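Hello,

Here is the structure for you to look over. My notes follow below it.

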Amino acid sequence: MQGGVTMHHGTAAMAPPPPLPPPPPPFHRRGFMHMTFFWGKSAEVLFSGWPGTSSVMYAVALIFVFAMAVLVEWLSHCRLIKPGANAVAAGLFRTALYAVRSGLSYMVMLAVMSYNGGVFLAAVAGHAVGFAVFGRRVFRKSGGVRDGHVADLSSAKC
């Protein structure tokens with residue numbers, strides 16, 4: 001045998017190529033990302049390896065996603081700038097708040113893209129609770145009812 005060629009009764013024959021390694025199992029390789037919703041605590045949410053397989057860390061991840069969604073709603077409906085504030089400073093502050101709100105919104109969206117059913121429900125519940133508390137001001141005193149109409153709450157502040 002010389003350089004992968006085998007001599008057999010005066011004729012040259014190529015040696016068979018070495019066998020290929022077996023492919024990894026399709027659903028058990030590291031870094032596999034689900035493309036459909038699934039239920040279970042074994043998910044990766046936002047960060048590689050987090051929350052892992054621990055039930056406690058999965059619950060922490062759900063609470064984290066819920067809190068981020070509530071915070072997005074708070075930032076969407078709260079007016080933090082007082083009337084009469086410097087226009088330039090107010091504009092810069094609004095821009096910064098908008099950037100933070102956008103970033104948090106994208107983080108919630110990326111968490112939902114883990115396709116974990118629990119994460120999805122935590123995000124939707126967080127947005128719903130945040131809207132109920134900050135958006136419609138359900139838990140605040142209304143201005144009362146005048147002539148059969150509820151008083152306008154659009155001027156209310158967080």
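Predicted model: local features only at pLDDT ≥ 70, side-chain atom pairs only at ≥ 80, totals over all residues.

Residues are numbered from 1 along each chain as its sequence is written, and side-chain values use heavy atoms, with hydrogens and water left out.

The whole chain. There are 3 helices and 6 strands. Helices (H or I, at least four residues) and strands (E, at least two) are DSSP runs, numbered from the N terminus. The order from the N terminus is β-β-β-β-α-α-α-β-β. Of the 158 residues, 21% count as buried. Buried means under 20% relative accessible area, exposed over 50%, and partly exposed in between (1.4 Å probe, protein chains only). Contact means heavy atoms within 4.5 Å. Among contacts between residues at least 6 apart in sequence, 55% join residues at least 24 apart.

The helix pair. The axes of H1 (residues 55-77) and H3 come within 7 Å and cross at roughly 35°. Axes here are lines fitted to C-alpha atoms, for helices over the stretch in contact, and angles run from 0 to 180 degrees between N-to-C directions. By class, the contact of H1 with H3 has 15 nonpolar, 6 polar and 1 charged residues. Ala, Val, Leu, Ile, Met, Phe, Trp, Tyr, Cys and Pro count as nonpolar, Asp, Glu, Lys and Arg as charged, and the others, Gly among them, as polar. On the H1 side, the residues include Phe66, Glu73 and Trp74. On the H3 side, they include Ala122, Gly126 and Phe131.

The aromatic rings. The count is 4 aromatic pairs. Rings of Phe, Tyr and Trp (its six-membered ring) pair if their centres lie within 6.5 Å; planes under 30 degrees apart count as stacked, over 60 as edge-to-face and the rest as tilted. Phe37 and Phe120 pair edge-to-face, at 5.3 Å centre to centre with 65° between the planes. Phe37 lies in the loop between strands E2 (11-14) and E3 (43-44) and Phe120 in helix H3 (residues 117-135), so the pair ties together parts 83 residues apart in sequence. Phe37 is partly exposed at 45% relative accessibility. Phe120 is partly exposed at 35%. Phe37, Tyr115 and Phe120 form one aromatic cluster.

The serine. Ser42 is in the loop between E2 and E3. Ser42 is partly exposed, at 47%. Leaving aside neighbours within four places in sequence, Ser42 is in contact with Gly52 and Thr53.

Best wishes
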